[in-house]
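User: I am new to this structure and would like to learn how to read its features one at a time. Could you take me through them, giving the general idea and then the case here?

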Amino acid sequence: MELNDREAAENMDLNDREAAAGKDRISNLTYSLIHHILSFLEIKQVSQTSVLSKQWRCIWTSIPILVFHERTYYHPDSYSQANKFMDFVDGTLLRRNNMSDIEKFSLTQGNNLNEYRVSSWITNVISRNVQELILSLRQEDPFIIPISLCTCVSLISLTLEITPSICFPRNVSFPKLKHLTLRGVLFSNECWNEKLFSKCPVLEDLILAHCTYDTRNFCISVTTLKILRIHHWGDQDGLRDCGLQIHAPNLVSLSYQGWVPKEFVLYTSPKLVEAHVLFFGEYVVATREQRKSCNTSIIQFLRALTHVNRLIVFNAMLEALSADNLLENLPTFHNTKQLILREDIADKALIALLKATPNLESLVFDKIRIDDAEEDDVAGNEAEETFNHDNEDDDWILNVVTPGSFPVQLKSVCFKEFIANPKEMKWVQLILKNAKALQTLTISSFQYSDLLNGKTKELMMELTSLPRASTSCTLKFPSWRS
């Protein structure tokens, strides 16, 4: 130990002597390592290193990663700010070493930019064999993507987020593109849509976020696709009036958040291991025909996912089926090992899901909350027996839920953001009482909840004393205040 301390002291003395002598150890690193260090900075910060020495003037002009980020909205002098930004980008690209390629070019700007100058930057970086391109812009008019971008042979990853909309040329070809993210794109021609994806022969990851679909059918046919995410805001129609067809035989992960498509066709293979499903919809005010069509699409969607290993579900989809007594029509998910509930799920819907996943091993409750009326009741009775949660609902569910309602292989259950409301307590009790193979029950408290303050020890004692069907079950309480 003394020898190690002595060596450390000698090294510190050496560092002090080198620092005192003005020795520059960073400049002695290889260019590739210096470039890697500088890649974590925005280009404005990188450019400031040019004042260090003549050597550093050369280093910063050959850095392969260029990140221009300035997301300032509604600036009082936005025109001047945008001009300064464009002048800086022009200057940076002008000073670059002509022999150095560009691996990544990222451009983020909240003020309107001159379209011609942006197009010239894109053409410039494409000539430098750019591999990753990110454009996040707020323009006054629709942005026309230059032809040079849509025929780039070196591009591997492309992200386009340009408001108000993006206009693609007819001729598109991305022979090496593996990752494509499109935000705010207007899809208005069926033939063009199919042509776009067919010209990406090695595409593996596709994200479509907040896009508009002004077309009768939207088709994604990519045999190499592994990850697909389709997301749009709740107040957007998205694919509500559009048919969705997905042909992706090698798909591994699918995430869909938005309105239920008018019609739905999904062709995948057993390689699909994860599905994340969130449907929007005001099903209460919908007409009978609308609900019927919507529910038909939901059932079609679920039947296409029966072989997934991991299923993530939101409640809106189940509410739609429950309203028309269609929960018993749920397909059976024989391969599903993990079920994650992203929000509160109605009791009847949850029971139907458990019956539909007979081989389930892991169940995760992200959050269980009660409505305002229930919260008022709980608050009014708080002075009474704190954890006495019996009510008529409990009587109903206790009669319906039996050991046969729980998957026989259920080994792990986790409650996240636990605040000990009546519904949470009820399901903890039911799971412990009926899950015979359960090994661990994890209850993680919500760190911002005041409900558990002063009651933690009492609540832990109550939970640990509940009857258990599994003699090997262990309760865990991570993040609980002592």
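Predicted model: local features only at pLDDT ≥ 70, side-chain atom pairs only at ≥ 80, totals over all residues.

User: How many aromatic pairs does a search of the whole structure find, and how is a pair of rings described?

Analyst: In general, two numbers describe a pair of aromatic rings: the distance of the centres and the angle of the planes. A search of the whole structure finds 9 aromatic pairs. In one of them, the ring centres of Phe68 and Phe88 are 5.9 Å apart and the planes stand at 70°, so this pair is edge-to-face, planes over 60 degrees apart being counted that way. Since Phe68 belongs to strand S1 (residues 65–70) and Phe88 to helix H5 (residues 78–95), the pair ties together parts that are 20 residues apart in sequence. Phe68 has a relative accessible area of 1%, and is therefore buried, the limit being under 20%.

User: What are the distance and the angle for the rings of Phe415 and Phe418, and is Phe415 buried or exposed?

Analyst: The centres of the Phe415 and Phe418 rings are 6.1 Å apart with their planes at 80°, so this pair is edge-to-face. Phe415 is buried, with a relative accessible area of 1%, and Phe418 is buried too, with a value of 0%.

User: Let us turn to helices. At what angle do helix H14 and helix H15 pack, and which residues make the contact?

Analyst: The general idea is to compare the directions of the two axes, and angles under 35 degrees count as roughly parallel. Here helix H14 (residues 422–434) and helix H15 (residues 456–464) pack at an angle of about 30°, with their axes 11 Å apart. The two helices, H14 and H15, are therefore roughly parallel to each other. On the H14 side the contact is made by Met425, Val428 and Leu432, and on the H15 side by Leu459, Glu462 and Leu463. Sorted by class, the contact of H14 with H15 has 5 nonpolar residues, 1 charged residue and no polar ones.

User: Where does Asp366 lie, and which residues is Asp366 in contact with, leaving aside its neighbours within four places in sequence?

Analyst: Asp366 lies in the loop between strand S19 (362–365) and helix H12 (372–380), and at 15% relative accessibility it counts as buried. Leaving aside its neighbours within four places in sequence, Asp366 is in contact with Ile340, Leu341, Arg342, Lys416 and Glu417. Although Asp366 and Glu417 are 51 residues apart along the chain, their C-alpha atoms are separated by 6.9 Å.

User: What is noted about the phi of Glu417, and where is the place of Glu417?

Analyst: Backbone angles are another feature to read residue by residue. Glu417 has a positive phi of about 55° although it is not a glycine; its place is in strand S20 (residues 412–418), and with a relative accessible area of 28% it is partly exposed. Asn129, which is not a glycine either, has a positive phi of about 60°. The place of Asn129 is in the loop between helix H6 (115–126) and strand S3 (132–138), and Asn129 is partly exposed at 40%.

User: Which form does the peptide bond from Thr163 to Pro164 take, cis or trans?

Analyst: The angle to read for a peptide bond is omega. The bond from Thr163 to Pro164 is cis, with omega near 10°, and Pro164 is found in the loop between strand S5 (157–163) and strand S6 (166–167).

User: To finish, how many helices and strands does the protein have, and what percentage of its residues count as buried?

Analyst: For the overall picture, one reads totals rather than single residues. The protein has 15 helices and 22 strands, and 47% of its 482 residues count as buried. Of the contacts with a separation of 6 or more, 66% are accounted for by residues 24 or more positions apart. The protein exposes about 24700 Å², of which carbon and sulfur atoms supply 50%.

Definitions and conventions:
Residues numbered from 1 in each chain as written. Heavy atoms only, no water. Phe/Tyr/Trp six-rings, centres within 6.5 Å; stacked < 30°, edge-to-face > 60°. Helix = DSSP H or I, 4+ residues; strand = E, 2+ residues; numbered from the N terminus. Buried < 20%, exposed > 50% of the residue type's maximum accessible area, 1.4 Å probe, protein only. Axes fitted to C-alpha atoms, helices over the stretch in contact; angles between N-to-C directions. Parallel < 35°, antiparallel > 145°, perpendicular 65-115°, else oblique. Contact = heavy atoms within 4.5 Å. Nonpolar A, V, L, I, M, F, W, Y, C, P; charged D, E, K, R; others polar. Areas by Shrake-Rupley, 256 points an atom, 1.4 Å probe, with all protein chains shown as cover.
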